Amino acid sequence: MEKFTLEILFQIIGIGSASGLFFNNNSLYVIGDNSGFLYEYNMQNQQLNQHALIDNPTQNIPKNLKPDFESITNHNDTLYVFGSGSTEKRNKMISFDLKTKTILQKNNLVDLYGLMQSFGEIKPEDFNLEGAIFDGENWYLFNRGNGISNKNTIFTIHAKNLGEEFALVAVNYKLPKIKGVRSSFTDAILVEDKIYFLSTAEDTKSTYDDGEILGSFIGRIDLKTMKIDFTQKITSTNKFEGLTFYQKANGKIEFLLCEDNDTEVLETKIFKLSLPLKD
């Protein structure tokens, strides 16, 4: 049993169904799975700005139309926001410049997502990307196995740009269960040579329909072996869908988390999770 602390750090009014976040220079960048905006929250002056990611964005896009932005990652001064790929409207990748606060590029990843489904032997109805990491050389995309097949898969794509030729590797994982329900990837980040991930047990066999939340875990994967180091249950009630590195201090590593409340209410709680540093 890992010793950990989990606390609500603050609440942001104006963001709903938060699904990913990135902390940088006292600013927290947040995406929501039913929103067309990238949100920028200054933690010092508590000011919230929003940047349009799509044409004619709104804060509560109907479920059958939403781009379903579930994953956010960064490299240097660029943020990359990914749609989940779980329907034909959810195949976008947006590149956003943190210095100029402008969109650099919009990509439709339908061909790449189709290739990943075929290579990973994942049916389209079980394909649901909820985490992304880019280290400058490799992309790591995390399929949430909350469909019937429970395919929790990490796709490693060796390419500096996703439009280039690439090498593809897929590794499947069996994540811990709660009450007989296997948890599934909901986000991941890279800290040095370790991948930290979130997984949630949700009592549903659909990548589209929500189910009862049974709890969430944090876990760690060694980047060299791609094997899980540890997992730790951190809640029995929250559906955590966003994870970002906050700081290392006093022998602890701290993360900020957000949860998807699966409602249209524009309120988002930001949690702080502290874990003991370990090799």
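Colleague: What is the bridge partner of Asn74 in strand 7?

Modeller: The partner is Leu79. This is a predicted model, in which local features need pLDDT of at least 70, side-chain atom pairs count only at pLDDT 80 or more, and totals for chains, interfaces and linings use all residues. Residues are numbered from 1 along each chain as its sequence is written, and side-chain values use heavy atoms, with hydrogens and water left out.

Colleague: What makes strand 6 and strand 7 a pair?

Modeller: Two strands pair if DSSP finds at least two bridges between them. Six bridges join strand 6 to strand 7 (residues 78–83), and the two run antiparallel. Strands here are DSSP runs of E, at least two residues, numbered from the N terminus.

Colleague: Why is the pair of Tyr80 and Trp139 called edge-to-face?

Modeller: Rings of Phe, Tyr and Trp (its six-membered ring) pair if their centres lie within 6.5 Å; planes under 30 degrees apart count as stacked, over 60 as edge-to-face and the rest as tilted. The centres of Tyr80 and Trp139 are 5.0 Å apart and the planes stand at 85 degrees, so the pair is edge-to-face. Tyr80 lies in strand 7 and Trp139 in strand 11 (residues 138–143), so the contact ties together parts 59 residues apart in sequence.

Colleague: Are Tyr80 and Trp139 buried or exposed?

Modeller: Both are buried (under 20% relative accessible area, with exposed over 50% and partly exposed in between; 1.4 Å probe, protein chains only).

Colleague: Why is the pair of Phe82 and Trp139 called edge-to-face?

Modeller: With centres 6.0 Å apart and planes at 75 degrees, the rings of Phe82 and Trp139 are edge-to-face.

How values were computed:
Helix = DSSP H or I, 4+ residues; strand = E, 2+ residues; numbered from the N terminus.
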